[in-house]
Amino acid sequence: MVTRVIVLNGGSSAGKSGIARCLQALLPDPWLALGVDTLVEAMPAAMRDSEEGIEFAADGGVVVGAEFKAVEAAWIAGVAAMARAGARIIVDEVFLGGPDSQQRWRGALDGLEVLWVGVRCDASVAAGRELARGDRVAGMAAAQAEAVHRGVVYDLEVDTAHTEALECARIISDRVSR
């Protein structure tokens, strides 16, 4: 089977989006890059910073409510439907629920060839990137750096603290080409 979906999981500021852009440039076919940030940006403003939607705590914690979970489930099903319809998709995700988050994606992507990639980054490096970006709640990167990987099973892992995004994308691309 041919890989239809690449799931990049890592904490905030780990380098997933940069890797996704590099993969789009390296891979021979067109690949769509979709991420949890895409979902959050598409949600009504009222769902951001609400108990039923998604809340970003001052300490960097993220809490999701029932409305967010419902919208996320529909979004995941939609991404899977796009892959089944022939689109090649790079998913830029943050598995806040660890293995439960991965299981939701596994269920939706069942029957498709998926490459599961852990994007690791030392918490202090990710925190520095977070500070430089200026568009994230301080502490989010450090809080998520290891937590999003606990209990998650990968086909491949890359470390952006020690390897540039382009090289990480080459490593991933080599696995996709097999």
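Student: How many aromatic pairs does a search of the whole structure find?

Tutor: This is a predicted model, and searching the whole structure turns up 1 aromatic pair. The rings in question are those of tryptophan 75 and tryptophan 105, whose centres are 5.7 Å apart and whose planes stand at 85°, so the pair is edge-to-face.

Student: Which parts does the pair tie together?

Tutor: Tryptophan 75 belongs to helix H3 (residues 66-84) and tryptophan 105 to helix H4 (residues 99-108), so the pair links parts that are 30 residues apart in sequence.

Student: And are those two tryptophans buried or exposed?

Tutor: Both tryptophan 75 and tryptophan 105 are buried.

Student: Staying with rings, what sits over the ring of tryptophan 116?

Tutor: That would be the charged end of arginine 106, which lies 4.7 Å from the centre of the tryptophan 116 ring.

Student: Zooming out now: how many helices and strands does the chain have?

Tutor: The chain has 7 helices and 7 strands, and, read along the sequence, they follow the pattern β-α-β-α-β-β-α-β-α-β-α-α-β-α. The radius of gyration is 15 Å, close to the 16 Å that the globule rule gives for 178 residues, so the chain is as compact as a globular protein of that length.

Student: What box do the C-alpha atoms fill?

Tutor: Taken along the principal axes, the C-alpha atoms of the chain fill a box of roughly 45 × 35 × 25 Å.

Student: What about burial and surface: how much of the chain counts as buried?

Tutor: Of its 178 residues, 44% count as buried, and the chain exposes about 8600 Å², of which carbon and sulfur atoms supply 54%.

Student: And the contacts between residues at least 6 apart in sequence, what share of those join residues at least 24 apart?

Tutor: Among such contacts in the chain, 75% join residues at least 24 apart in sequence.

Student: New topic, cysteines. How many disulfides does a search of the whole structure find?

Tutor: The search finds 0 disulfides. Cysteine 22 is in none, and the nearest cysteine sulfur to its own, that of cysteine 168, is 8.8 Å away; cysteine 168 likewise is in no disulfide, with cysteine 22 supplying its nearest cysteine sulfur.

Student: Why do they count as buried?

Tutor: Cysteine 22 has 18% relative accessibility, which is under the 20% cut-off, so it counts as buried. Cysteine 168 counts as buried because its relative accessibility is 0%.

Student: Where does serine 13 lie?

Tutor: Serine 13 lies in the loop between E1 and helix H1 (16-26), and it has a positive phi of about 65° although it is not a glycine. With a relative accessible area of 6%, serine 13 is buried.

Student: Last one: where is alanine 123, and what does it touch?

Tutor: Alanine 123 lies in helix H5 (residues 123-133), and, with residues up to four places away in sequence left out, it touches Ala142 and Ala145. At 29% relative accessibility, alanine 123 counts as partly exposed. Alanine 123 and glycine 11 are 112 residues apart in sequence, yet 9.0 Å apart in space, C-alpha to C-alpha.

Technical notes: Residues numbered from 1 in each chain as written. Predicted model: local features only at pLDDT ≥ 70, side-chain atom pairs only at ≥ 80, totals over all residues. Heavy atoms only, no water. Helix = DSSP H or I, 4+ residues; strand = E, 2+ residues; numbered from the N terminus. Buried < 20%, exposed > 50% of the residue type's maximum accessible area, 1.4 Å probe, protein only. Contact = heavy atoms within 4.5 Å. Phe/Tyr/Trp six-rings, centres within 6.5 Å; stacked < 30°, edge-to-face > 60°. Lys NZ or Arg CZ within 6 Å of the ring centre and 35° of its normal. Rg over C-alpha atoms; globule rule 2.2 N^0.38 Å. Areas by Shrake-Rupley, 256 points an atom, 1.4 Å probe, with all protein chains shown as cover. Disulfide = S-S within 2.5 Å.
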